[in-house]
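My notes follow in the order in which I checked things.

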Amino acid sequence: MILRHDPKNLIFQSSQEYGLSLPKPEYFIINVAKDFNNPRADLWIPYEDFVPINIDDLLKVAQIVKERFERGQKTLIHCISGEHRSVAFILASISYIYKVSIEQAMKMLDPPIDFYQWTKEVPNQYFSIKLFEIKYVKP
């Protein structure tokens with residue numbers, strides 16, 4: 001199980017196991033997996049794996065995460081395995097909050113995301129977060 005986080009340890013990304021086990025109300029839990037209904041999630045935005053993600057959904061999550069980030073509150077974004085959908089949402093959120101490119105956001109995570117491996121596995125999701133970056137992060 002991987003639990004990734006931003007440099008300030010406020011934004012977390014992982015699999016369903018962490019979504020079921022992290023303490024509440026310390027964490028605001030966002031589930032982005034269509035095939036897993038987490039009863040502990042505060043927000044459920046259901047997506048199948050390997051499909052494009054609507055940039056309005058990326059913005060909705062990024063705005064929630066930013067509000068909590070600015071108050072020093074923790075947020076966890078999870079899917080089933082913690083490898084695709086939740087990665088797309090955390091990358092968009094970090095890009096939005098820190099005003100960096102998606103590629104820079106990949107490097108900011110601990111542990112970082114391998115650009116070539118992730119974009120090869122989910123090109124549709126990468127395309128979605130690049131559109132998000134163009135529309136909402138870069139002028």
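Which residues in α3 meet which residues in α6? I am working with a predicted model, in which local features need pLDDT of at least 70, side-chain atom pairs count only at pLDDT 80 or more, and totals for chains, interfaces and linings use all residues. Residues are numbered from 1 along each chain as its sequence is written, and side-chain values use heavy atoms, with hydrogens and water left out.

Entry 1, α3 and α6. From α3 I listed R85, A88, L91, A92, S95 and Y96, which meet Q125, I129, F132, E133, Y136 and V137 of α6. Contact here means heavy atoms within 4.5 Å. I sorted the residues of this contact into eight nonpolar, two polar and two charged. In that sorting Ala, Val, Leu, Ile, Met, Phe, Trp, Tyr, Cys and Pro count as nonpolar, Asp, Glu, Lys and Arg as charged, and the others, Gly among them, as polar.

I then looked up the geometry. Helix α3 covers residues 85–98 and helix α6 residues 123–137; they pack at an angle of about 15°, with axes 10 Å apart. Helices are DSSP runs of H or I with at least four residues, and strands are runs of E with at least two, numbered from the N terminus. The axes are lines fitted to C-alpha atoms over the stretch in contact, with angles from 0 to 180 degrees between N-to-C directions. α3 and α6 are therefore roughly parallel to each other; the cut-off for that word is under 35 degrees, while 65 to 115 is roughly perpendicular.

The 14 residues of α3 reach 20 Å from first C-alpha to last, close to the 20 Å expected at 1.5 Å a residue. I noted that 13 of the 14 residues in α3 are buried, that is, under 20% relative accessible area with a 1.4 Å probe, protein chains only. Just after α3, K99 has a positive phi of about 55°.

Helix α2 (residues 55–70) packs on α6 at an angle of about 65°, with the axes 9 Å apart. These two helices are therefore roughly perpendicular to each other. I found I55, D56, L58, L59 and A62 of α2 meeting S128, I129, L131, F132, K135 and Y136 of α6.

I located N38 in the loop between β3 (27–33) and β4 (43–47). N38 counts as buried because its relative accessibility is 3%. Beyond its neighbours within four places in sequence, N38 is in contact with G19, L20, I29, N31 and H78.

How values were computed. Parallel < 35°, antiparallel > 145°, perpendicular 65-115°, else oblique. Expected span 1.5 Å × (residues − 1). Buried < 20%, exposed > 50% of the residue type's maximum accessible area, 1.4 Å probe, protein only.
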